[in-house]
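Me: I am new to this structure and would like to go through it step by step. Could you take my questions as they come?

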Protein chains: 2
Amino acid sequence: MNITAIHERTLPLASSMRNAVIDFSTMTVSVVAVVTDVIRDGRPVTGYGFNSNGRYAQGGIIRERFAPRLLGAAPGALADADGANLDPFKCLAVMMTNEKPGGHGERSVAAGTLDMAFWDIVAKIEDKPLWRLLADRYNGGAADPLVNTYAAGGYYHPGKGLEALQDELRGYLDLGFTSCKIKVGGAPMDEDLRRIEAAIDVLGDGSRLAVDANGGFDLATAIKFQQAIQPYGLKWYEEPVEPLDFEAHAELAASAVTPLATGENLFSCVDTRNFARHAGFDPQRDFLQVDPVLSYGLAEYLGIIEMLRGYGWSTRRLIPHGGHLFGMHIAAGLQLYGMESYPHVFDPYGKYARGMTLGDGKVDLPSLPGIGYEDVPGVDELMRALAG
Amino acid sequence: MNITAIHERTLPLASSMRNAVIDFSTMTVSVVAVVTDVIRDGRPVTGYGFNSNGRYAQGGIIRERFAPRLLGAAPGALADADGANLDPFKCLAVMMTNEKPGGHGERSVAAGTLDMAFWDIVAKIEDKPLWRLLADRYNGGAADPLVNTYAAGGYYHPGKGLEALQDELRGYLDLGFTSCKIKVGGAPMDEDLRRIEAAIDVLGDGSRLAVDANGGFDLATAIKFQQAIQPYGLKWYEEPVEPLDFEAHAELAASAVTPLATGENLFSCVDTRNFARHAGFDPQRDFLQVDPVLSYGLAEYLGIIEMLRGYGWSTRRLIPHGGHLFGMHIAAGLQLYGMESYPHVFDPYGKYARGMTLGDGKVDLPSLPGIGYEDVPGVDELMRALAG
């Protein structure tokens, strides 16, 4: 089998929200359709993907480097051993032909965006939902039928006060969430502590609330904040400092009581390995949130899981960043801790598929073959338009 | 003052050469012209830049993110305190607006490409060659009128044998070089050792030869190679292993006699700081080769120098990667160890300006204001065409 066409469109992901370091009003997203020469029901099997939030569209790298390499690959060079399906690991190797080591950003997003479409194809050709395929291939058949999730929100908006924050969180509880995450570090510490207390008032217990500083604190402030939030018994304290400052993480980790979490800005296996080696995180207490789509795709992420195992990390301490359906499949099929959701924030890319249900903080998964974007309102039309 | 236009063109950098990990036949380069509203001799002052070799063109990021931010900056927001000249640090901050931390690759190249043009502008407006401006601003006025350089070559080509390698190196000696660097790791070790011996035969002494594995060895092979080359007394042993595997570097560094060198795949200050902290390099013995153009530009590189000073590194242990005239100015004006040259390899981007002379392994610098690409054969026409 071969890939016959790759379509990319760069679309706005406009939003008025803001975290501690950036606003999202000019954020863009690459949406891709990868067409194969495998015919099912009279049509070529086509996979869909898009890049995870927080990083910009990658049309340049996809069009100038990755698509030509994939489309120019020798016949069968992207297929698995019996030639019947795509091999995403071979696809990654072909994309990375004549790419130097190091410099893991942007191209890692471009690769991950296409990788999402590759796995969609693989599961469609095997006629299974992706989570089932992943469980069968990589997890001895075991899967979580319900995936832990939480509502990632609590962004700063101009004029948004404590009541608006509480209303937002109540809305998440009404949807069936039991845990939430809010941003910190974008306001003075006193104000952030009042936001945390207001959030706990709604959620009922600190263990249902995570906070996310998006790397905005310097180490001294991060330590002060860590001490200040300790009495609340929060779920975790996310990205307190510059995400690549391993030494600062090690200093925080040495005295942490509240679990620490980070990883959405580690974009490769080698970067994550450095984090595991040098940042002092405790695999029994802390969480890693590497985003499979931003970091060369699931083909790389499976290697990251294997690597982390060697440093004492169980899959149950991994929570992919991104809040998309692809990550839900990964969390279910590989039995991770869970996956985040961004209700209304990154619509339609963060939406569940029609028929998915959320209750008691857990979500079930679609039964369509592949990822199931054909059943996600708003994404379905985009994908159809892209494939032509 | 303001930036009024930014032009980018993506051009091939085609070459049949190959190192241990990639071939360069499809490599591309972004060439940029940045036009200002400052008029000199009746024409707007325009700066020129291009990305350093080994990484691809960055037209997508420049056009979609950096150029709109620079061109949309508030009047004067890119200017220095008295408004008369561009401030490259402010330009970097504007380019990085709404960019998340981490993921230092590709965008770091896009930023560095434009940064080269910014410094060209700054020096042209001050009517000084860039090396003199850098010396005056950042080095107490001290500069090296002659810059240490060496010929980086010795690539693998299909059918290239020992005699062709020796002929290549003799050609470099004829040009005025006294030291050379050749690739290793792309052939069996026995063959590489014969290549090293053949090279030393031409150069006269091992101390005149550096070898570069481009990160192609695993740790065990890198250690074996390190032991095998120790008797030759080489100038340095470059990129023995995966450039982000700090632990492997630390293991090599612990028993190194031959100086170690790496850094061309560290693309930010935070990545370089992690290397300084965790990779065990010896600032008295080893070299760092961070490429200012690939890593967010000279504005970031000046911060890297300051950061490294805190870890015991003198500028005399720094050798920028890239082999272009911009790096020569940096090496002269900040009194680095020196700068590499790639005779004939990356022409015209690696060429010296008309009137520059090379002798006894040192090169002088052009006296034109700015970087002086207007005087570099082949680059001059490109730049003129680009500025329109």
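Me: To begin with, what is the mean pLDDT of chain A?

Reply: This is a predicted model, and the mean pLDDT of chain A is 95. In that chain, 98% of the residues reach 70 or more.

Me: And what does the predictor give for the complex?

Reply: For the complex, the predictor gives an ipTM of 0.95 together with a pTM of 0.96.

Me: Which rotation superposes chain B on chain A?

Reply: A rotation of 180 degrees does so, with 0.0 Å of shift along its axis and an RMSD of 0.0 Å. The two copies are thus related as by a two-fold rotation axis.

Me: How many residues are in contact between chain B and chain A?

Reply: On chain B, 36 residues are in contact with 36 residues of chain A. Three helices of chain B, namely α1 (59–71), α8 (246–254) and α9 (269–278), each supply at least two residues of the side that touches chain A. The largest share of that side, 5 residues, comes from α9(B).

Me: What is the make-up of that side by class?

Reply: The side of chain B that touches chain A has 11 nonpolar, 13 polar and 12 charged residues.

Me: Why is it said that the copies meet through the same surface?

Reply: Of the interface residues of chain B, 100% are also interface residues in chain A, so the copies meet through the same surface.

Me: Changing topic: what is the strand order of the open sheet in chain A?

Reply: The order is β1-β2-β3 in this open sheet of 3 strands, and the pairing is antiparallel. At the edges stand β1 (3–12) and β3 (43–50) of chain A, each with a single partner strand, so one side of each has no neighbour in the sheet. From one strand to the next, the twist averages 20 degrees.

Me: How many bridges join β1(A) to β2 of chain A?

Reply: There are 9 bridges between β1(A) and β2 (residues 28–40) of chain A, and the two strands run antiparallel. As one point to look up, A:A5 stands opposite A:V35 in β2(A).

Me: Which strands does helix α3 of chain A touch?

Reply: Helix α3 (residues 107–125) of chain A packs on the sheet and touches β2 and β3 of chain A, with its direction at about 140 degrees to that of β3(A). Helix α12 (residues 379–387) of chain A lies across β1, β2 and β3 of chain A, at about 65 degrees to β2(A).

Me: What about chain B, where is the bridge partner of B:I39?

Reply: In β3(B), B:P44 is the bridge partner of B:I39. Strand β2 (residues 28–40) of chain B pairs with β3(B) over 7 bridges in the antiparallel sense. Helix α1(B) lies across β1 and β2 of chain B and runs at about 170 degrees to β1(B).

Me: Back to chain A: into which domains is it divided?

Reply: Chain A is divided into domain 1 (3–127) and domain 2 (137–376). Taken over C-alpha atoms, the centres of these two domains of chain A are separated by 24 Å.

Me: How many residues are in contact there, and what gives the most to the side of domain 1?

Reply: In chain A, 33 residues of domain 1 are in contact with 36 residues of domain 2. On the side of domain 1 of chain A that touches domain 2, α3(A) gives the most, with 11 residues. By class, that side has 15 nonpolar, 12 polar and 6 charged residues.

Notes:
Residues numbered from 1 in each chain as written. Chains lettered and ligands numbered in written order. Predicted model: local features only at pLDDT ≥ 70, side-chain atom pairs only at ≥ 80, totals over all residues. Least-squares fit on C-alpha atoms with pLDDT ≥ 70 in both. Contact = placed C-beta atoms within 7 Å. Helix = DSSP H or I, 4+ residues; strand = E, 2+ residues; numbered from the N terminus. Nonpolar A, V, L, I, M, F, W, Y, C, P; charged D, E, K, R; others polar. Pairing = 2+ DSSP bridges. Axes fitted to C-alpha atoms, helices over the stretch in contact; angles between N-to-C directions. Domains from an automatic or database assignment. pLDDT = per-residue confidence, 0-100.
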